[in-house]
Amino acid sequence: MEDVVIVGAGIAGLATAVALKRAGVEALVLERSEGLRATGAALTLFPNAWVALDALGISQNLAPLYAPVKKGYITNLDTGEIQDVSFVASNGDPVGPRSVHRKALLNALADQLPINSIRFSSKLTAIETQEHEGSSISIIHMADGTVIKAKVLIGCDGMHSVVARWLGLAEPVYSGRSAVRGLAVFPQGHGLDNNVQQYLGLGRRAGFVPLNDKEIYWFFTCTSPAKGADMADEPGVIKREVIENYAKDLPPIYLDVVQHSDLSTLTWAPLMFRYPWHVVVGNLSKQNITVAGDAMHPMTPDLAQGGCSALEDAVVLGRHIGKSFIQNGRLLPKEMAVTIGKYVEERRWRVALLIAGSYLSGWVQQAGSGWGMKFLRDAIFYRFFYSIIIKFTSYDCGKLNF
């Protein structure tokens, strides 16, 4: 009998295991891949993510490696107008997001866990529940025939989660847009300041941000590229299509970044999300089983909150389970339904709003150039709503005071 089994060794899964470890709870992490996956190459972590990483005790391992963004520049491709956004506080301190290597984040989390707490090449095939001494426990069936019993089961197995499907959550839907992401490498240095550049308009959204003095993380999103599905597994074709077709009229500096891409880091993927009302009214838990990260709240990347919110989930879930463990000296299965229910209610509206805000932000910024959409974007969205949405990134998920 395991205390906690976590399905998925991505950001949510590893961070949840670290949070539980800080309370003294041992978790077994099951990962279907042969090693830690780093699809996406890099991600941007806003202040709310660094609050969570501080609670998990690993922010000091990552922050010195990645400088915060000082300024952002947004170029309107329709008009050529450039807006700038400062990420420096009134006292001069940088408060901007930091873009980090995804693999570095995963390794920093995994390094906090005991040896053998992550079991790779472990594919979950079925879940059932069973009464045990008056309480519910989970019976987990693996592809190799192994059967694992757990007092708590947490699905962190991504957008197409087996655990979420078992809970009855609606499947994610296609947003109508797709994204290319990659890492550009300049062996002699790129010579750029640590600012984020974005280009919006004509149904497209593109940008880049330095990770360090030799690497730049870049992205390109557009409405349903016709060749996307065909080129998903061909990084050379992805690069050529971006340069010669989709982004051919973007500024030369952007095309130069794409030209320097490390092909092994290039990915193409449709942008998926779960309808926020399915999160608000859906079953995010059942007895001793719940979900976190993309398994709970897949969202479009327009606010860069997918990884950030997964780290928040880990801290909140770890805090609730950890408190129960410390109060009772062990995990009591009969308390887990209530404990997990508190986590779900703390997260439900927060992540539903993030899903809605991300989708709205992407739709408005990437919409057409007609006068109606221009008025909606410039006179209403940017003036009244964007600042409210951005405030979501300053959220404090709390500490792990065990």
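A pocket is an open set of points on a 1 Å grid over the protein atoms alone, with protein on both sides within 12 Å along at least five of seven lines. The structure here is a predicted model, in which local features need pLDDT of at least 70, side-chain atom pairs count only at pLDDT 80 or more, and totals for chains, interfaces and linings use all residues. Residues are numbered from 1 along each chain as its sequence is written, and side-chain values use heavy atoms, with hydrogens and water left out.

**Second largest pocket**
- The second largest pocket has a volume of about 200 Å³, a volume being the space filled by probe spheres set on the grid points.
- Its lining consists of 13 residues, where a lining residue has an atom within 4 Å of a point.
- E26, A27, L28, P114 and S117 lie nearest the centre of this pocket.
- Strand 1 (2-7), helix 1 (11-22) and strand 2 (27-30) each give two or more residues to the lining; helices (H or I, at least four residues) and strands (E, at least two) are DSSP runs, numbered from the N terminus.

**Strand 14 and its partners**
- Strand 14 (residues 215-223) is largely enclosed by the rest of the structure, because 8 of its 9 residues are buried (under 20% relative accessible area, 1.4 Å probe, protein chains only).
- Strand 11 (residues 173-185) runs antiparallel to strand 14 and is joined to it by 9 bridges; S178 stands opposite C222 in strand 14.
- Strand 13 (residues 204-210) is also antiparallel to strand 14, with 7 bridges, and G207 has F219 of strand 14 as its bridge partner.
- Strands 13 and 14 form a hairpin with 4 residues between them.

Conventions
On a 1 Å grid over the protein atoms alone, a cavity is a set of points where a 1.4 Å probe fits but cannot get out, and a pocket is an open set with protein on both sides within 12 Å along at least five of seven lines; lining residues have an atom within 4 Å of a point. Buried means under 20% relative accessible area, exposed over 50%, partly exposed in between (1.4 Å probe, protein chains only). Two strands pair if DSSP finds at least two bridges between them.
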